[in-house]
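Have the model open while you read.

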Amino acid sequence: MTPILEVANIEKYYGNKGNLTKAVDRVSFQVETGEFIGIMGPSGSGKTTLLNCIATIDTVTSGHIRINNKDITALKKNSLSQFRREELGFIFQDFNLLDTLTAYENIALALTIQKKKPSEIKQQVMSVAKKLDIVDVLQKYPYQMSGGQKQRVASARALVTNPSLILADEPTGALDSKSSRALLDSIERLNEEYQATILMVTHDAFTASYAKRILFIKDGRIFNELIRGNDTRKAFFNRIIEVETLLGGDSSNVL
Amino acid sequence: MYFKLAMQNVKKSFKDYMIYFLTLAFSICLFYSFNSFQAQQAVMDLSKGQADIIDSVMLIMKILSVFVAVVLGFLVIYANNFLIKRRKKELGLYTLLGMPKARISRILVYETFIVGLLSLAVGLLSGFFVSQLLTVITANLFEVKLHYAFIFSFDAMLLTVIAFALIFLVIMVFNTLILNRYKLIDLIHADQKHEMLKIKNIYVSIILFVLSVLILGYTYHYALTQGINALNHLEIIAPLGILGTILFFMSLAGFLLRFVQSSKSLYYRKLNMFVLRQINASVNSNFLSMSIVCIMLLFSIGALATGSNLNRTINNALLNTTPYDYTLSSYIVDETQLSDFSNIAELLQLNPETIKSESFVHEYQSDIKIKTYQKQIEALLGTANDTFYEQSLEVISLSEFNELRRQYELDPIALNDQECYVFTSVEMLKELIDEIITQEQELKLYGKSLKIQNTDYEMINLGTSAGTGTAALAVVVNDNVIPKNTPLSSVYWNVTLSERTDISNFQDDMTDKITAFNDTADANQQPRLNSYSSVTAEYVKENSKGLSVVMTYIGLYLGLIFLMASAVILALQQLSQASDNKQRYLILNKLGAEKRMVNQSIFFQLSIYFFIPLLLAIVHSVVGIQVVNSIVVAFGRSDLFMASLITGGIILLIYGAYFFITYAGYKNILAKK
């Protein structure tokens, strides 16, 4: 099977000669089609920088990122936005829904940006709305929706363009635990039933436990890798906690 | 150190300052130019009368300038407010670092000072050039020769500097006050405040929109049918027009949204949906300013068009109202008046050498009273007074009429004893005469039926006059049709003066001579000159030139100021909303919208804000100018085409410049991290 995402030895430096910060330090990994991969790490570990580089929002200092066999580090600015809208879908922590548009229009916007034919739009929006169970909120504005509904609308927007890769940045960061669970259930279903490839960045062990494989990052480097295999989610969750302890994450920095 | 900091701030936020700077420089330029008339006199050959006109133009401009300075003051404060808002966070940082407010306001004072000085320099410099241009325009208006030389008006410069120094002083005080009002927490979180969104019911918008169109339509209809009377009914037209305009902008966004939504292929095309929703969402904070801008633009267009039109109109009319060098005419009421003008020169003891040639026009009374046409006249002029209706159609003999036509270089007409020729020289009565010519076959005069021979006519005057036309409803008949002893209505003595005559003093001389004549006539109980008019062509020309020069400059000055003010208000409002909308555009960017597509949407959005008020203002002014035009025709035929061309050019230039600067600034704000 060919990898859909291939990160090869990338580095991202900030600052200048005298004061150099290596936000991402020689990171390499691959993501296969249909995979659900999580990236974990404490604040400042470089996970968001890594995601931004893959998302083509930021550029790498060295190394290559290939998505669908296309080297995005070699693309020009204009083809980057084209690539972004055709190959990638985004789910953000703070939803990033446009408050002026209804849910339906927010989802449709991703298609109009792609210059899709207006006649196709309705059918595509409805089909993705059914998958995420948001058909009854389509005519509502973001301010009329709950956090969970908003994030599902945002997920629908990410999915509607049939991207090769969905990038989720702390998708449950702004949700309560009940909504988080509901959202993660639907993301999991997208992955299992519709074979969507998902790369999710989080620092929350529970959220991460929904992934099939987890990369741990610390100080810009890959520190560890966990594969769920046939574990139940609970067992996988416990293994994640173990690694976190080892990693010196949240609680053990206190000495 | 603070000065250095201020210097850096100005450099750093130069693009933000651009609009502020441009507005200031432009205001200063206008202010200087329109106050520099004194200096213009030096380079032109002006007669005493023309110099007097320049003096009165200067006085009017000075008075207007006070008003303009107040308007500009508010405009500059508005622009300044925008700058402070943009920099809240920066100011918050200074406070956070422990800088006392007094020092921060000192930095702001320095900044205002730097920008003020810079714009004063640029504004005055461009003012020098614009005032050269105005000199050419003045020379053109007066039709005098220009000895070209660079002019500089120290008075105007002083006035400009004082006015703007005052404005800057107000701003400095204002900034300090504003700074003291802000709380630190607000300054630091300035960019995180979100406008609460309230989505209004779209159907309400549609109903309001239809209502606004109906109101405007009715107002237009009302104004147009009233014609020249419309100005007397402003208390109905103005509130209705304003109400219609406000409702129009209040409901426009909702209506546009609903309208475009009905076409799926248009609504879901690129970012159309986004733009329309965006406009609809901010309609509450925008509709009032759009309405105000629309009304200001209306004033601006009206002032510019009238300003550039009146001069042309008057020039055309002048050729028509001044056929002879001098005319003495008298309206005959009773026998105590002198009606026999045959040896008038001798009676007035005028040196025969001053006269090159003379001719007479006699208007006779007839048995058709003007009252006959009361209905039509009321429709054209509104109410006229009773004495006018009591007068009769004026009858002129063919020989005298053909003599007049010769002076106008027109071919003589021929009539037999059963025919007559009907005409007027009053523009406003043209429709009535046209109606008489086309619909009535004949006129009954002196007991005879006379066939109306002409189907067309030239609007010529019976002599030189300062009024609006000498023949109201005039009939030309063969000399022998007029019975002997028919009472006269008026007499015209038309004179072409010889080259040796001192024309500029001729009118005053005549006034003295007429007074002297009347004194002797009274003493001897002889007929005297009553209700007479004694004017030279030169006097008429200078008088109306004066009016046209004054009106042209008032129009240009106010028109330009209003135009600039409306463009600035729109520009600043859009730019301050640009920072509020940044988050939304960031999302578009993350979703992979092309830069080109985003720019198009910004362009589209700004176009709606800038050009819809302009469009409505143009529609308003087309109606308005129709009405005003019915008054301008009182001075003669007007040339609307040229006026609209000039007005359109000026508006396109200034309004367009602000539009593009706003567009560039908008993109710039969004591009900033």
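Two residues are in contact when they have heavy atoms within 4.5 Å of each other. On that basis, in this predicted model, 25 residues of chain B are in contact with 26 residues of chain A.

**Where the chains meet**

Chain B and chain A bury about 2500 Å² between them, and 64% of that is on carbon and sulfur atoms. On the chain B side, Tyr268(B), Lys590(B) and Leu591(B) lose the most area to chain A, together accounting for 28% of what that side buries.

Residue pairs in polar contact between the two chains, both at pLDDT 80 or more, come to eight. Which helix gives the most to the side of chain B that touches chain A? That's α21(B), with six residues.

Lys590(B) turns up again here: its charged end sits over the ring of Phe92(A), 4.6 Å from the centre. Within chain A, the charged end of Lys131(A) is placed over the ring of Tyr194(A), 4.2 Å from the centre of that ring.

**Rings that pair up**

Over all chains, the structure holds 35 aromatic pairs. Take Tyr32(B) and Phe128(B): planes over 60 degrees apart count as edge-to-face, and these two rings have their planes at 80°, so the pair is edge-to-face. Tyr32(B) is in helix α2 (residues 14-33) of chain B and Phe128(B) in helix α6 (residues 101-142), so the pair links parts of the chain 96 residues apart.

Another edge-to-face pair is Phe603(B) with Phe659(B). Phe603(B) lies in helix α22 (residues 595-632) of chain B and Phe659(B) in helix α23 (residues 640-671), so this pair ties together parts that are 56 residues apart in sequence.

Here are the two pairs by the numbers:

| Pair | Centre to centre | Angle between planes |
|---|---|---|
| Tyr32(B) and Phe128(B) | 5.1 Å | 80° |
| Phe603(B) and Phe659(B) | 5.3 Å | 85° |

Key:
Residues numbered from 1 in each chain as written. Chains lettered and ligands numbered in written order. Predicted model: local features only at pLDDT ≥ 70, side-chain atom pairs only at ≥ 80, totals over all residues. Heavy atoms only, no water. Phe/Tyr/Trp six-rings, centres within 6.5 Å; stacked < 30°, edge-to-face > 60°. Helix = DSSP H or I, 4+ residues; strand = E, 2+ residues; numbered from the N terminus. Lys NZ or Arg CZ within 6 Å of the ring centre and 35° of its normal. Buried area = accessible area lost by both parts, 1.4 Å probe. Polar contact = N/O pair within 3.5 Å; in protein donor to acceptor, adjacent residues only side chain to side chain.
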